[in-house]
Every structure is written in C-alpha cells, then in structure tokens.
Amino acid sequence: KTGNLVSYSEAGVYFNVWQNIPTKANGIKKIIAKLNPYGNSPLNPHHANIIGTKSNGDVIPLVMHLGSPPSTLQTYELDITEYESISVGLAVDDSFPISLTQTIEFYKVEGGQSLENSVKNYIDSNSGGSNVDNTIIFAESEGVSPSNTGVQNSTILNNIFSANQNKGVSVYLPAGELKIAGTLNIYDTTSLIGSGRGSIVNSQGGTILKATTANVMLNITAKSGNDTASFIGHLKLDGSGISTKGIVVNEGLAFFTYEDMTIYNFTDVCIETKGALIYTLRNIRIWNAPNGLRVSRTSNFQANHIRFDMVQFAGLRNIATHISGGGQVVFEQCDWEQNGTVGNINTGNMLIEGMSPLNEGVDVTLNNCWSEYVSGGFWMKINSSAGVTTVRDTMLWRLTGDAANGIVNNGAKLLITGSTRINDFPTNKNIVTNGGETRVDGFTNIGAHSETSGGTFKTNNASYI
C-alpha cells in the first residue's frame with residue numbers, strides 16, 4: 001500500500017495501477033505474481049504488467065505477455081534485487097476495484113530463512129514442486145543492443161545461454177537490428193523471444209538478428225535428461241547473403257515450437273532438423289535461399305510426428321522442402337511460391353524420400369495447401385518410400401512457372417483426395433507414376449497423367465480426369 005494507486009477504465013476494461021512501489025528501501029528481493037496479463041502482440045513494453053526502475057532511472061519491463069490474453073491466471077517469479085521500485089498495472093473485465101483473484105507476493109530475507117528457500121517453499125506448496133528454474137532474462141539489461149558489434153552481441157548471448165543451460169530460461173531480445181557474429185549456441189532448455197518480426201521489409205518495432213559472418217546462426221542442442229518444451233519466435237533471422245544456415249536443430253530434440261518468424265537470405269538452408277521429433281513450426285515465412293527446409297533422421301533418432309502450420313516457402317532456388325526418413329509429417333495450410341530454377345530439372349518445391357524406414361506407414365500429409373509459379377523439374381517428387389503420402393484439398397498449379405511435372409511418384413504410394421486440383425504443367429504430366437501406385441478419389445481434378453515402368457494409376461468415378 002506504499003505506492004501511488006491510480007484507477008481508471010478504458011474501452012470497458014478496468015485498470016488499477018500502483019506506481020513506484022519502493023522495493024529496495026523495504027528490502028524486497030523477489031516477487032511472485034499471479035495475474036491476468038494484458039494481451040500484447042506485437043510485444044510493446046508500454047503494455048507491460050510489471051516494470052522495474054533502476055537507480056539510474058532506466059525503466060525495464062519485467063512481465064509482458066505475448067499474444068492474446070490467457071484464460072487462466074499466470075504465475076511469474078521475478079528477482080528484483082537491482083530495482084529501486086516497481087510499478088504494477090492490472091486489468092479486469094467485470095469489476096472495479098480490481099478482483100482480488102490476482103495477487104502479488106513480496107519476499108525478503110528475514111527470520112533466518114534464505115530468500116531462495118522461502119521462494120522454493122512457496123512454489124513447492126502451491127504447485128506440487130519443481131526442479132526447473134524458469135528464469136526470465138531481458139537481454140537488453142545484459143548489454144545486448146542494436147548499437148553493438150556482432151561480436152559483442154554474440155558474446156553476451158552465448159554467455160547467457162551457457163550459464164543457464166541446466167535450467168529453464170526465457171531470453172527476451174530488444175527491438176531493432178541486432179548484429180550477430182558467428183553462431184549462437186542454444187540449448188533446448190532455452191526459449192529465445194523477440195519483440196515481434198514487424199514488417200517484411202524492416203523491423204518497425206520488431207527484432208532482427210542480422211548475420212555478419214558466414215556461419216550457422218542458431219545451433220540448437222539437446223541437454224541430456226531435459227524434458228522442457230523450448231520456444232523460439234517473434235523475430236526475423238537475416239543471413240545477409242553470407243551466413244550458411246539459419247537454424248540447425250540437432251538430434252534428440254523434441255516438443256519444441258518455432259513461431260511467428262521470417263527466415264531469409266541464407267546461402268545453404270533456412271531451417272535444418274536432424275533426428276528431431278514431435279515439434280511444430282507455425283506462422284513462419286522462409287524465403288530467398290537455395291533451400292528452405294531440410295528434415296532428416298539420424299542413426300539414433302527418427303524424424304516423426306512433425307507439424308508445419310501456415311508456413312510459406314518462397315523464392316527457394318534448389319529444393320524448397322526436403323523430407324528424408326521418418327513419418328507422420330503434416331503440412332497444414334502451407335504455401336509454396338516461385339521455387340525451383342528455370343531449366344534445372346533437379347530443382348522444385350518438395351522432395352520426399354526414404355520415408356517410413358521402420359514401416360510407420362504414414363509418410364507426408366498435405367491438407368488445404370496452395371502452390372503456384374513453380375519452376376524446375378517438379379512440384380513434388382517422392383522416392384522409394386514405404387508408407388503413403390497424402391495430398392488432400394490442395395491446389396497445385398504451374399501458372400507462369402516452367403516446372404516440367406506436377407507430382408512424380410517413383411516407387412511409392414500416393415493418395416490424392418478431397419477437392420485437390422493439379423494442372424497446367426507444360427508436359428501434360430500433372431501426375432507421373434514410375435513403378436509406384438497412385439490413387440485418386442473424391443472430387444479431385446488432376447487432368448493429364450502418365451504411368452511408366454509398371455506404375456499403377458487408380459481412380460473412382462467421382463474424380464475429374
């Protein structure tokens with residue numbers, strides 16, 4: 001009750017704001033807040049629920065929620081040792097003054113009990129215990145800045161990642177173009193969160209990691225025994241035409257999510273995952289590189305249960321999407337635009353090969369996808385896979401590209417179904433089946449097709465041939 005309380009309403013939502021609560025003078029070291037955070041997308045520090053003020057006057061946002069407001073109370077544990085005071089803003093839809101279901105607990109050392117033990121006891125008694133320290137770090141407070149050199153930013157960030165590799169940590173990046181030299185080595189215990197990717201052509205308040213050297217930009221490694229679900233998102237990765245790979249995910253990673261990103265201008269591939277499984281990429285634009293996405297199994301790990309939602313692959317000159325080994329890979333509402341290279345039959349949109357090595361049976365599935373302006377040899381090529389690839393309710397057409405073929409099935413099983421449409425390929429080979437089996441049903445429209453080398457083509461009466 002020592003802060004200045006201000007209450008007001010805006011657009012039907014009530015707010016209570018406690019300004020400049022003197023925490024350091026009262027020996028407060030840590031707070032645990034349970035609150036309904038503001039919806040905040042893209043991230044805006046002015047919409048923080050809790051901010052801290054340092055002795056030099058710097059104001060740092062401490063609690064900011066990404067995206068729409070959650071439906072349940074969220075818990076935040078904050079170390080506020082370095083702040084002179086904090087300010088708190090809370091909102092509620094249906095009462096004024098504010099509902100007391102939202103609470104903030106203040107902790108300091110007293111009675112002979114250490115601060116860390118008192119906080120741990122609180123967590124253990126209220127959440128069933130935890131052995132993961134979900135630390136929040138604002139990289140700007142550690143020295144990361146758009147005015148730094150790439151070496152300075154990379155050194156600071158790698159020090160943060162290394163120091164926190166054995167515990168859960170969320171690292172928030174400031175807005176602006178952050179130069180990166182060399183590789184950022186991130187563990188799957190770490191989440192890396194920007195302030196929004198902003199416009200396609202500039203940051204506009206978003207975060208851009210911009211390469212200054214020819215390296216992999218983000219290298220993700222699994223920690224032994226870790227079961228946390230890491231997150232990377234709300235930023236852009238710019239390879240500057242010199243960095244080789246945007247993100248490399250090494251074997252053993254699982255349950256991670258990459259979201260709301262633009263990844264572009266790399267000299268080899270934008271995203272490569274090797275022996276990773278059970279993960280999601282969502283709302284990502286991958287463009288302007290030789291290769292877009294490369295997914296493969298390793299001798300130790302499969303590449304199974306993978307989902308791509310609302311991902312766009314554009315301007316990728318070699319193979320836009322390459323899936324090799326594994327199964328149950330789903331593309332939902334994804335888009336392929338202007339991929340492949342004119343006159344090079346070894347380039348195209350999607351290459352699928354060696355799927356279901358353990359007889360999983362379900363290879364790659366496309367649902368409600370779209371593609372146009374493809375060049376090179378194929379829209380999709382499937383090589384020697386044991387399971388079934390399914391194309392459902394998907395629009396595939398050449399338009400002004402020069403791709404020789406639509407889908408080339410080399411010794412695999414292919415199901416084309418629903419309301420899929422495949423047409424406008426110049427060789428009149430919308431579907432080519434070489435030694436495999438292609439089945440068409442539903443209200444599918446595929447036009448011309450060709451069967452060679454013992455290939456089998458089957459259709460039902462509802463399909464348009």
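Lys30 is buried, with a relative accessible area of 6% (buried means under 20%, exposed over 50%, partly exposed in between, with a 1.4 Å probe and protein chains only). The model is predicted: local features need pLDDT of at least 70 and side-chain atom pairs pLDDT 80 or more, while totals for chains, interfaces and linings use all residues. Residues are numbered from 1 along each chain as its sequence is written, and side-chain values use heavy atoms, leaving out hydrogens and water.

The structure holds twelve salt bridges (a side-chain nitrogen of Lys or Arg within 4 Å of a carboxyl oxygen of Asp or Glu). One of them joins Glu77 and Lys30, with the closest N and O atoms 3.3 Å apart. Glu77 lies in strand β6 and Lys30 in strand β3, so the pair ties together parts 47 residues apart in sequence (strands are DSSP E runs of at least two residues, numbered from the N terminus). Glu77 is partly exposed, at 26%.

Arg294 forms a salt bridge with Asp268, the closest N and O atoms being 3.1 Å apart. Arg294 lies in strand β21 and Asp268 in the loop between β18 and β19, so this pair ties together parts 26 residues apart in sequence. The side chains of Arg294 and Glu272 also meet in a salt bridge, at 3.7 Å from N to O. Glu272 is buried, with a relative accessible area of 8%, whereas Asp268 is partly exposed at 22%. Lys245, Asp268, Glu272 and Arg294 are linked in a network of salt bridges.

Strand β21 (residues 291-296) also contains Asn291. Asn291 counts as buried, at 9% relative accessibility.

Note on methods
Helices (H or I, at least four residues) and strands (E, at least two) are DSSP runs, numbered from the N terminus.
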